[in-house]
Amino acid sequence: MVLSKPSFEQGPIRPPNEANSLLLRLTRNCPWNRCLFCPVYKTKAFSRRSIEEVKADINHIAEDKEKIKEISRQEGYDGDINRAVVASVHAKFPELLPVAFWQFHGGETVFLQDGDSLQLPAKEVAEVLVLLREKFPEITRITTYARSRTILRRSVEELKLLKQSGLNRVHVGMESGSDRVLSYMKKGVTGAQHLEAGQRVKEAGLSLSEYVLLGLGGQEMWLDHAKETAKVLNGINPHYIRFRTLAIHSNTPLAEEVGKGRFKTLSDDEVIREQALLIDNLEGITSYIYSDHILNLLEEINGQLPEEKPRLQDTLNSYLNFTDRKRELFRLGRRTGYFRTLADMDNPSLKTAVEGIYQEIKSGGYSIDDYIKQLLRRFI
Ligand code: SF4
């Protein structure tokens, strides 16, 4: 089957928790595009879409929604967009699939793409938000990515205008609060700028999600990375702190740095030590911590600060206090999909399955580390 293009434009990425959201593209690619670790837009130039183009997309999405409802009615489902209707759309009208999928998941959330939507003038973004809310009154949440440097070019009043027009949350790729790490990684922003931008988003009344990239300090800067990131987060008190773990993509400048021996990555265990230190240093804030990314070793590091901090610390320390073999077994179980939490190691059938793979790898003379690296390539 030849897939037809949707009637509107979409970009390549979104935050993990926006998997069921409508992806609406306001700009293309990233205006900075220099971060050493980032593979996403490296060969692509940044451009702003015109407000007319974006509005036309919203109108197309509304038309698509009506077409899907009509398909539902014709198939006897009374306009309901259920699994059978999505399957039918998939088979007969694949160009309608993004909207069918969105509607199937409730049609209530929207993510504005790509990497830095606030590059558009605030008035234009506000017009888009108003039209979205008008066409789809059932929308409950609209979010976007924004760079801290771009946020600092917007006044609190402009950010308030976005909030009043229907924007709910800004996702910021902080990655680190350490100036050493940020400068080495060419992130184009300082810890102080992250701090000011985060505070500005909150002052405007918007929800704020800050992404932290574990492992970004490597062997040389991990202490600085953990402590300085905690310090900036303490100054912002974002609504959400979201952990991701560094993976080195082959087509990035960071891969070259690793090849030349200038950047030494952390092992899984060292990443957990870094995460434990970072969380130890989070003080006086009420953020919710999420580890909602497939590459994070401990997916269960989720909880409300400050009350759940001791539980998160206990989990991290439990892992670090395991024997070498038990940590290796957990890593293998997690990366093969058998284990999701440390408690899964107490499940006899899961443990037996992972022990079996472990013995097979060892008896073949292979290293568990190499095997895990192979597995991780599937997600990079
Ligand atoms: S600002 Fe974000 S999208 Fe742009 S290069 Fe850096 S990490 Fe990638």
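Guide: Domain bounds here come from an automatic or database domain assignment, and by that assignment the chain is divided into domain 1 (16-323) and domain 2 (324-380). This is a predicted model, in which local features need pLDDT of at least 70 and side-chain atom pairs count only at pLDDT 80 or more, while totals for chains, interfaces and linings use all residues. Residues are numbered from 1 along each chain as its sequence is written, and side-chain values use heavy atoms, with hydrogens and water left out.

Taken over C-alpha atoms, the centres of domain 1 and domain 2 are separated by 29 Å, and the contact (heavy atoms within 4.5 Å) takes 19 residues from domain 1 and 15 residues from domain 2. The area buried between the two domains, meaning the accessible area (1.4 Å probe) that two parts lose on being put together, summed over both, is about 1,700 Å², and carbon and sulfur atoms give 56% of it. Of the area that domain 1 buries against domain 2, E299, F322 and T323 supply 32%, more than any other three residues.

Five salt bridges are found across the interface of domain 1 and domain 2, a salt bridge being a side-chain nitrogen of Lys or Arg within 4 Å of a carboxyl oxygen of Asp or Glu. R327 forms a salt bridge with D269, and their closest N and O atoms are 2.8 Å apart.
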